[in-house]
Amino acid sequence: MTNRPRASLQRILEDLGSTVLDVAASPGELDAEVTGVHIYDPLDELLLPEGGLLLAVGVDRAEQICALLDAAGPAAGVVVKQPVDVDELVRAKVRQTGVAVLGLTRAASWAQVAALLRSLLAEGDLAEPGETPPDDLFALANAVCALLDAPVTIEDRSSRVLAYSGRQDEADPGRVETVLGRQVPERYRRMLEERGFFRRLYQSREPIYIELDDDSINRAAVAVRSGDEILGSIWAAVREPLSDQRQRALADAAKIVALQLLRQRAGADTRRRLRADLLSTVLAGGRDAAEAAGRLGVASGRLCVLAAQLSGGSHADAAHRESDRQRFCDALALHVGAIHPKAAAALVGSVAYAVLPLHAGGDEEARAVRVAESFLARVGSRHAANIGVGRLAGNLAEVARSRADADRALRVLRARKASGAVAGYTGVHFEALLLQLSDLVEAEEQVPTGPYERLVRHDAEHGSELVATLRAYLDAFGDVNAASARVHVHANTFRYRLKRLIEISGLDLADPDARLTVMLQMRLFGQ
């Protein structure tokens with residue numbers, strides 16, 4: 001028997017986003033567990049259970065909020081419509097009672113927020129492998145189709161089709177193409193943008209009527225909103241403007257669709273966060289790893305960890321970057337899941353980790369590298385990324401080592417400024433060790449010493465190139481002709497510089513330990 005994920009006030013706020021709920025006054029950490037949603041009625045005695053979230057309908061003044069905080073007892077929070085009248089008395093009362101005051105956007109109804117919060121609290125444990133949550137958007141699309149007597153699509157901000165109704169065969173070829181491709185074709189999107197239809201749609205809070213010049217059927221459309229945030233739109237193929245009654249029906253339908261989209265987004269975020277938490281526990285390899293692996297449905301032995309990270313083309317906007325990372329992680333999860341049913345992937349920070357079970361047969365790391373290369377070949381045109389692959393973990397206790405290997409291999413690729421590359425840890429082992437040694441040098445603020453330090457100081461004081469001369473000599477394995485060609489000087493000039501650097505530094509080039517020491521210092525100190 002597994003416990004349900006804890007519904008804290010902070011997690012609810014993160015799931016809903018500041019568009020719906022925001023913090024007006026906080027007692028500190030918002031880690032109080034939320035156990036239920038309750039509506040305030042001034043005519044009833046207020047008896048709130050511990051962790052209740054109170055919807056303060058009709059409360060708007062600071063003195064009312066203070067009185068409600070006194071009466072709320074062990075509540076987790078009180079929700080008031082924005083703008084919230086918060087003064088020093090309210091802040092002091094919040095600190096005294098430990099009950100947070102939240103502001104609800106004025107565009108949301110109390111019925112909407114109550115249903116949405118209860119939906120969040122009712123989110124069960126992580127779905128069983130292969131189980132998908134119910135999707136009511138198609139049912140909503142059919143209901144709107146019946147109300148308007150017209151085929152309907154529900155689309156997101158990027159004109160991707162989220163759901164569609166029946167009777168699409170009654171629409172025009174453009175609509176059929178949209179439904180089949182689950183995306184409005186680019187030529188239609190461009191036309192709608194050039195004619196300003198999207199601008200009209202997103203500026204209006206009422207349905208708009210769009211007349212199309214070609215053989216297409218005209219459209220009635222309405223934006224789907226949550227407060228000031230545009231979630232998507234509803235499009236109906238109609239041959240004439242809607243009547244007032246049908247206009248109101250479409251506007252009301254947009255509110256219901258907004259609620260459903262918020263529920264789906266919150267539910268998806270909750271499931272993703274739970275998967276990330278469980279996979280993080282597996283990757284840590286501690287005593288809870290076995291339980292977490294069981295809840296995820298992943299294998300417990302012969303695993304390789306993959307660490308994947310987008311390497312370029314990211315948006316400046318943080319929301320776009322996070323969306324790109326999540327789509328990339330979803331694609332990785334689908335790829336490894338198709339290879340092995342007990343694989344799992346989740347986004348942890350900016351890195352998408354995958355745990356890939358491998359059958360016995362030897363050369364497991366190389367096989368995992370091939371899986372990663374196959375994945376990047378599939379998504380390369382859409383996502384430029386690098387993937388590090390850890391060594392084989394024989395059991396869950398060794399997964400933490402495989403994860404550390406994958407992270408180090410990924411770091412080597414970043415240091416190389418690579419893109420679209422895969423590296424197994426054993427293939428980049430020495431480079432990874434050098435990077436770890438660089439971290440130690442930086443942390444302890446170490447500086448060059450010995451012959452190398454004397455060469456660096458001489459170059460800085462006299463404008464000479466003795467360090468470059470030494471590097472060329474070592475890179476050419478002591479071949480003076482090859483080394484002089486590398487630095488574009490005559491061989492005799494190179495021999496003279498080599499003699500000078502030996503005199504100045506005291507370096508014994510015949511000593512292999514001395515050569516190794518100076519080569520490592522060159523790598524570590526970047527000269």
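Analyst: Start with Asn386. Setting aside residues up to four places away in sequence, Asn386 touches Ala307, Ala308, Gln309, Ser311, Leu410, Leu413, Ala418, Ser419, Gly420 and Ala421. The model is predicted, so every value here is computed from predicted coordinates. Asn386 sits in strand E14, residues 385-389. Its relative accessibility is 3%, and the cut-off for buried is under 20%, so Asn386 counts as buried. Asn386 and Glu373 are 13 residues apart in sequence, and their C-alpha atoms are 9.4 Å apart in space.

Lys417 lies in the loop between helix H13 (399-415) and strand E15 (422-424). Ala418, Ser419, Gly420 and Ala421 are among the residues that Asn386 touches. Lys417 itself is exposed, with a relative accessible area of 75%. Its phi is near 60 degrees, a positive value in a residue other than glycine.

His488 also deserves a look. Phi of His488 is near 60 degrees, again positive in a residue other than glycine. This residue is in the loop between helix H17 (480-486) and H18. His488 is exposed, at a relative accessible area of 72%.

One more backbone feature concerns a proline. Gln82 and Pro83 are joined by a cis peptide bond, with omega about -5 degrees. Pro83 belongs to the loop between strand E4 (77-81) and helix H3 (88-97).

Now the helix packing. Two packed helices are described by the angle between their axes and the distance between the axes. Helix H15 (residues 450-462) packs on helix H16 (residues 466-475) at about 135 degrees, with the axes 8 Å apart. That angle makes H15 oblique to H16. From H15, the contact takes Tyr452, Leu455, Val456, His458 and Asp459; from H16, it takes Leu466, Val467 and Leu470. By class, this contact has six nonpolar, one polar and one charged residues.

H16 and helix H18 (residues 491-505) pack at about 110 degrees, with their axes 10 Å apart. H16 and H18 are therefore roughly perpendicular to each other. On the H16 side, the residues are Leu466, Thr469, Leu470, Ala472 and Tyr473. They meet Phe494, Arg497, Leu498, Leu501 and Ile504 of H18. By class, the contact of H16 with H18 has eight nonpolar, one polar and one charged residues. Leu466 and Leu470 are listed in the H15 contact, and both are listed in the H18 contact.

The largest cavity has a volume of about 190 Å³. Its lining has 14 residues, and Val184, Tyr188, Leu192, Arg219 and Trp235 lie nearest its centre. Strand E6 (152-156), H6 and helix H7 (186-194) are the elements that give two or more residues to this lining. The lining residues divide into seven nonpolar, four polar and three charged.

Thr178 is a residue of one of those elements. Thr178 is in helix H6, residues 173-181. At 6% relative accessibility, Thr178 counts as buried. Leaving aside neighbours within four places in sequence, Thr178 is in contact with Glu155, Val161, Gln183, Val184 and Pro185. One of these, Val184, is among the residues nearest the centre of the largest cavity.

Terms used:
Residues numbered from 1 in each chain as written. Predicted model: local features only at pLDDT ≥ 70, side-chain atom pairs only at ≥ 80, totals over all residues. Heavy atoms only, no water. Helix = DSSP H or I, 4+ residues; strand = E, 2+ residues; numbered from the N terminus. Buried < 20%, exposed > 50% of the residue type's maximum accessible area, 1.4 Å probe, protein only. Contact = heavy atoms within 4.5 Å. Axes fitted to C-alpha atoms, helices over the stretch in contact; angles between N-to-C directions. Parallel < 35°, antiparallel > 145°, perpendicular 65-115°, else oblique. Nonpolar A, V, L, I, M, F, W, Y, C, P; charged D, E, K, R; others polar. 1 Å grid on protein atoms, 1.4 Å probe; cavity = no way out; pocket = protein on both sides within 12 Å on 5 of 7 lines; lining within 4 Å. Points joined across faces, edges and corners; volume = space filled by probe spheres on them.
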